[in-house]
Amino acid sequence: MELHILEHSLKVASIEKEGIQICTHGLIKLAFVASKTRCKFFSLTETPEDYTINITLIVQKVHLNPFGL
């Protein structure tokens, strides 16, 4: 039996509505090329004032063998 633990890092950003055009390339990259980034999950939320982006990154993969085999 093996146990794999993934350590994650959560990043949160707030972008003004006028500045979203600058970020569209990066957002498309996160959405469609996630295999080339460390991004495991992201969400984009619109509020009346701005956009909020939540990104979960895989920091490292820890491999444990609890039986020492």
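I53 counts as buried, at 7% relative accessibility, where buried means under 20% relative accessible area, exposed over 50% and partly exposed in between, with a 1.4 Å probe and protein chains only. The residue is found in strand 3, and strands (E, at least two residues), like helices (H or I, at least four), are DSSP runs numbered from the N terminus. The model is predicted, and local features need pLDDT of at least 70, side-chain atom pairs count only at pLDDT 80 or more, and totals for chains, interfaces and linings use all residues. Residues are numbered from 1 along each chain as its sequence is written, and side-chain values use heavy atoms, with hydrogens and water left out.

**Overall architecture**

- The protein has 1 helix and 3 strands, and from the N terminus on these elements run β-α-β-β.
- Of the 69 residues of the protein, 20% count as buried.
- Contact means heavy atoms within 4.5 Å; among contacts between residues at least 6 apart in sequence, 67% join residues at least 24 apart.
- The accessible surface comes to about 5,500 Å², of which 61% belongs to carbon and sulfur atoms; accessible areas come from the Shrake-Rupley method with a 1.4 Å probe, and for residues only the protein chains shown count as cover.

- C39 is found in strand 2 and is buried, with a relative accessible area of 10%; C39 and S9 are 30 residues apart in sequence and 9.6 Å apart in space, C-alpha to C-alpha.

**Charged residues**

- A search of the whole structure finds 1 salt bridge, the term being used for a side-chain nitrogen of Lys or Arg within 4 Å of a carboxyl oxygen of Asp or Glu.
- K17 forms a salt bridge with E46, and the closest N and O atoms are 2.5 Å apart; this pair links distant parts of the chain, 29 residues apart, with K17 in the loop between strand 1 (3-16) and helix 1 and E46 in strand 2 (residues 39-46).
- K17 counts as partly exposed, at 24% relative accessibility.
- D50, which lies in strand 3 (residues 50-64), is buried yet has no salt bridge, and the nearest side chain of opposite charge, K17, is 7.5 Å away; Lys and Arg count as positive and Asp and Glu as negative, while His and the chain ends are not counted.
- The side chain of D50 is joined to that of S14 by a polar contact of 2.4 Å and to that of T47 by one of 2.5 Å; a polar contact is a pair of N or O atoms within 3.5 Å, where within protein one must be able to donate a hydrogen and the other to accept it, and residues adjacent in sequence count only if both atoms are side-chain atoms.
- Not counting residues up to four places away in sequence, D50 touches S14, I15, E16, K17 and T45.

**Nonpolar surface**

- F32, found in helix 1 (residues 20-32), is exposed, with a relative accessible area of 69%.
- I28, F32 and V33 make a nonpolar surface patch of about 320 Å²; patches are made of residues with over 30% relative accessible area and no salt bridge, like charges being joined within 9 Å and nonpolar side chains (Val, Leu, Ile, Met, Phe, Trp, Tyr) within 5 Å.
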